[in-house]
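Good morning, colleagues. I shall take you through one model, and I ask that you keep the sequence and the coordinates in view as I speak.

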Amino acid sequence: MKKILLIGKLNSVVKETNTFLSQFFHVQLCSENAEVLGGMLKIVNPDLVLISLIGAYGIDTSMFFLLSDQYPQTPVLTIGTKEESSTFFKYYEESQFENLIRPVENTVIMNAVCRRLGLKKEEVEREAAAERGGTQGKKRILVVDDNGTALRTMKAMLEDSYEVTLAISGAQAMTSIGKKRPDLILLDYEMPICDGKMTLEMIRADEDMKDIPVVFLTAVNNRANIEAVLKLKPAGYFLKPAVKDQLLAEIEKILSSTDS
């Protein structure tokens with residue numbers, strides 16, 4: 001499946017778009033912030049970027065410069081009303097960018113995505129059906145880490161056995177959980193601004209999320225740090241870098257206990 005980075009506020013329109021496109025593509029949600037986008041572009045390496053312009057006046061316009069300067073070969077679709085899109089008309093002069101006017105049917109979005117990717121819609125639908133058949137029943141793992149290399153490594157370890165979603169901050173993790181509830185979360189304990197402790201507290205404060213098992217990943221191997229981690233009573237913890245076989249065994253053990 002091709003990869004799409006969907007940028008926008010997590011409102012009903014973005015949720016609907018994500019739900020529809022996720023049937024045919026690997027969709028990763030991203031907030032409308034240039035710094036976060038820069039990190040996600042390196043991690044996800046998307047085939048297409050889709051930007052929702054709802055609330056366009058609050059969007060960080062440097063995102064457009066980032067995409068045109070550093071990722072000129074990546075097609076970009078924006079979706080907004082004429083008023084929302086007017087701020088960005090100058091970008092649409094470049095072939096990299098294309099705008100769809102809201103309200104717009106999902107089928108129109110699908111056709112535009114396939115056209116920009118040079119794909120035939122029928123072939124995309126067949127490929128998606130085949131992949132869904134192969135991945136049906138896979139548990140979902142959300143990996144949260146501010147280090148892009150660590151995220152890529154964890155994804156490589158897990159993706160054969162699980163459906164893996166990535167987040168580069170606690171805030172993005174909360175957005176991702178709201179979009180698609182994971183069965184387990186691997187959470188970096190040492191993150192800037194919103195660290196693992198704060199993120200776990202936010203998860204446990206939400207009625208719909210509080211029962212999701214969280215496993216901490218920590219790079220600090222000393223008694224005080226480990227005691228601080230264990231005091232939060234996570235489902236487990238691992239020292240970084242995690243050993244693949246041990247990590248998979250622990251995840252399977254935790255998920256088996258939640259199923260019973």
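Tyr-91 is buried in this predicted model, at 5% relative accessibility; buried means under 20% relative accessible area, exposed over 50%, and partly exposed in between, with a 1.4 Å probe and protein chains only. Residues are numbered from 1 along each chain as its sequence is written, and side-chain values use heavy atoms, with hydrogens and water left out. Because the model is predicted, local features need pLDDT of at least 70 and side-chain atom pairs count only at pLDDT 80 or more, while totals for chains, interfaces and linings use all residues.

Which rings does Tyr-91 pair with? With Phe-65 the pair is edge-to-face, 5.7 Å centre to centre and 80° between the planes. Rings of Phe, Tyr and Trp (for Trp, its six-membered ring) pair if their centres lie within 6.5 Å; planes under 30 degrees apart count as stacked, over 60 as edge-to-face and the rest as tilted. Phe-65 lies in helix H3 (residues 62-70) and Tyr-91 in the loop between helix H4 (82-85) and strand S5 (97-101), so this pair ties together parts that are 26 residues apart in sequence. Helices (H or I, at least four residues) and strands (E, at least two) are DSSP runs, numbered from the N terminus. Phe-65 is partly exposed at 41% relative accessibility. The pair of Tyr-91 and Phe-97 is tilted, with 6.1 Å centre to centre and 50° between the planes, and both of these residues are buried. Phe-64, Phe-65, Phe-88, Tyr-91 and Phe-97 form one aromatic cluster, and the whole structure has 9 aromatic pairs.

I turn to the nonpolar cores. A nonpolar core is a set of buried Ala, Val, Leu, Ile, Met, Phe, Trp, Tyr and Cys residues joined through side-chain atoms within 4.5 Å. The largest has 46 residues, and within it Leu-158 and Leu-186 touch the most other members. Helix H2 (residues 34-44) gives the most to this core, namely 7 residues. A second, separate core holds 22 residues, among them Leu-21, Leu-50, Ala-112 and Leu-117. Returning to Leu-186, its contacts (heavy atoms within 4.5 Å) include Ile-141, Val-143, Met-154, Leu-158, Leu-217 and Ile-251, with residues up to four places away in sequence not counted.

Next, the charged pairs. How many salt bridges does the structure hold? There are 11, a salt bridge being a side-chain nitrogen of Lys or Arg within 4 Å of a carboxyl oxygen of Asp or Glu. Lys-240 forms one with Asp-188, the closest N and O atoms being 3.4 Å apart. This pair links distant parts of the chain, with Lys-240 in the loop between strand S10 (236-239) and helix H11 (244-259) and Asp-188 in strand S8, 52 residues apart. Lys-240 is partly exposed at 28% relative accessibility, whereas Asp-188 is buried at 1%. Glu-163 and Lys-180 also meet in a salt bridge, 3.2 Å from N to O. Here Glu-163 belongs to strand S7 (residues 163-167), and Lys-180 to the loop between helix H8 (170-179) and strand S8 (184-188), 17 residues apart. A further bridge joins Glu-159 to Lys-155, with 2.8 Å between the closest N and O atoms. Glu-98, Arg-115 and Arg-116 are linked in a network of salt bridges.

Now the backbone. Most residues other than glycine have a negative phi, and most peptide bonds are trans. The peptide bond from Lys-240 to Pro-241 is cis, with omega near -5°, and Pro-241 is found in the loop between S10 and H11. The bond from Arg-102 to Pro-103 is also cis, with omega near -5°; Pro-103 sits in the loop between S5 and helix H5 (106-117). Asn-45, in the loop between H2 and strand S3 (48-52), has a positive phi near 50°. Ile-193 has a positive phi near 65° and lies in the loop between S8 and helix H9 (196-205). With a relative accessible area of 83%, Ile-193 is exposed.

Ile-193 also brings us to a pocket. The lining of the second largest pocket includes Asn-33, Asp-146, Pro-192, Ile-193 and Cys-194. On a 1 Å grid over the protein atoms alone, a pocket is an open set of points where a 1.4 Å probe fits, with protein on both sides within 12 Å along at least five of seven lines; lining residues have an atom within 4 Å of a point. H2 supplies the largest share of this lining, 3 residues.
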